Amino acid sequence: DDDDESDGGDNTTGAEETVVEEHGIEGNEGTMDIILEEYFKFIPKNPATIVLVICGRSGDLNDESKTQQSCRTLELLQDEDNDIDVNVGEVFGLQSCFGVGEDEVGITTDNKFVENADARLYACERDVKRILEDRLLSSDDDGQKIGAIIIDPTMPYAMGQILARLFENWKNRDMLLADDITVMAISVGDDKQSSSSWRSNLVNRFRTEIIAYSPVFKAEIAFEQNVNIINNKNNNNDKDNEIQYIDVHIVIQNEHTFSHLQKTLTAIQTRTNNLHAANMKEVLGGSPRYDHNLHLDRTKSFTPEQYAQTLPYDQWKMQRPLERQTIVQLEVVGVDKMMVKVRSSKLSKRKIKVALERTMVMASSSSFESSVVAPNVHDFTNVGEGCLLICIWSSGSAIVVWDGRKHIDINLTINDDDDDGTTAEKYVDMFEAKFIEQLPSLKRTLRDEQPRGYGRVVNFLKDVRVDDSDLLWKTNS
């Protein structure tokens with residue numbers, strides 16, 4: 001009929017349950033109900049709180065084609081025949097504002113440039129706040145607050161924006177939300193992304209912005225099930241098999257969250273027979289609370305004996321440092337200040353190669369190197385705008401890279417075979433000074449040194465050859 005045809009063509013964000021059901025998916029309701037029932041167990045049992053269920057859009061009294069969307073989570077919680085043990089003061093369903101997040105023809109959209117979109121959002125936020133305040137103030141129990149928020153798959157994106165704005169206000173948060181609030185959202189779709197991304201981000205805002213401090217955990221649980229879709233295109237009621245993705249996004253304030261989540265996942269897998277994948281994608285924690293007493297207690301100190309020493313000491317002994325690697329970065333300075341300096345400071349491939357060759361000659365004739373003949377410099381000029389120069393000799397190597405503009409990198413590696421390491425250090429100092437002497441427009445901007453060898457090397461040779469008794473962090477035990 002006309003109603004079925006209209007709903008079938010409205011592929012709206014957040015209305016997966018309704019669309020799926022109207023298209024004849026078998027087995028969806030049973031699996032969804034089982035998943036919801038198991039995760040409803042995370043709702044805090046407190047008669048002084050209410051469970052707020054955010055559903056899809058409300059109906060339009062002036063347009064019969066825009067009826068109120070069904071809300072399975074609310075129906076399940078309010079069903080007297082179910083086995084759900086939700087010990088709270090009340091289960092309250094809140095319909096999403098009509099027209100919020102919809103374009104001119106009533107199609108759900110995330111487009112922020114729809115006419116009067118901001119005015120609709122503001123009006124909806126004001127109405128939602130008023131409804132919640134009236135509901136809580138009208139309750140028989142003074143001080144009743146929201147103990148859990150359940151977001152139905154039919155809730156649109158724009159309603160999520162309103163919830164975030166409403167509860168991130170600290171006054172609203174303090175007035176409306178219980179201290180141990182639980183938040184849960186369900187995403188249903190025929191692809192892995194579906195609407196799960198924004199729902200996941202929305203629920204995560206409660207962890208990071210609204211609750212913030214430990215113990216608070218945000219968990220992502222993903223389910224995949226095989227479903228049969230009745231194909232009515234040719235009036236032959238053929239059934240097509242497809243994979244449906246169900247994601248649960250939940251924020252919990254419980255120190256035993258991990259064990260509870262694992263038990264819930266196991267229970268769901270035991271109760272269902274058409275799930276071919278169920279896994280916990282991630283669990284995120286909150287920020288640690290400031291412990292005033294801990295920070296005041298500064299009398300306690302920790303000695304090396306209180307730390308594990310076997311593995312660090314074994315790693316320290318297995319090191320075999322062989323070389324000292326030095327990375328030097330050079331930049332041309334003063335080029336733009338005076339035009340007179342441009343010609344003399346401008347770099348070129350030939351200038352840099354000559355500078356390296358002269359530096360190697362001076363380094364080879366110094367007392368640091370046993371070699372008398374300077375090693376050859378090999379140039380590679382077809383690798384971009386600059387050039388690559390490589391020089392290798394028996395006790396080390398030098399690699400010079402120019403970017404074709406104002407920057408030069410030098411990667412210098414020298415054998416580090418003396419006990420105190422001064423020979424290699426002096427050679428690096430001399431090499432850098434002689435190279436800059438050939439190109440006076442250069443200035444060093446960075447210099448890093450690290451050992452190279454094997455055995456998970458992190459120390460230079462001079463540090464490894466220290467006697468064990470000189471190690472401050474190692475005790476006799």
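Let us begin with D33, which is buried in this predicted model. Its relative accessible area is 10%, and because a residue counts as buried under 20%, D33 falls within that class. In the chain, D33 belongs to helix α3, which covers residues 28-39.

What does D33 touch, if residues up to four places away in sequence are not counted? The answer is R72 and L76. With R72 there is also a polar contact, formed between the two side chains at 2.6 Å.

I now turn to the sheet. Six strands form an open sheet with antiparallel pairing. Reading across, the order is β10-β11-β12-β13-β9-β14. Which strands stand at the edges? They are β10, residues 378-380, and β14, residues 442-454. Each of these has a single partner strand, so one side of each is left without a neighbour in the sheet. On average, neighbouring strands of this sheet are turned by 15° against each other, direction ignored.

Let us look at one pair of strands. Strand β9, residues 320-332, pairs with β14 in the antiparallel sense, over 12 bridges.

Finally, please locate helix α14, residues 422-438. Which strands does helix α14 lie across? They are β9, β11 (387-393), β12 (396-402), β13 (407-415) and β14. Relative to β13, helix α14 runs at about 150°.

Note on methods: Residues numbered from 1 in each chain as written. Predicted model: local features only at pLDDT ≥ 70, side-chain atom pairs only at ≥ 80, totals over all residues. Heavy atoms only, no water. Pairing = 2+ DSSP bridges. Helix = DSSP H or I, 4+ residues; strand = E, 2+ residues; numbered from the N terminus. Axes fitted to C-alpha atoms, helices over the stretch in contact; angles between N-to-C directions. Contact = heavy atoms within 4.5 Å. Buried < 20%, exposed > 50% of the residue type's maximum accessible area, 1.4 Å probe, protein only. Polar contact = N/O pair within 3.5 Å; in protein donor to acceptor, adjacent residues only side chain to side chain.
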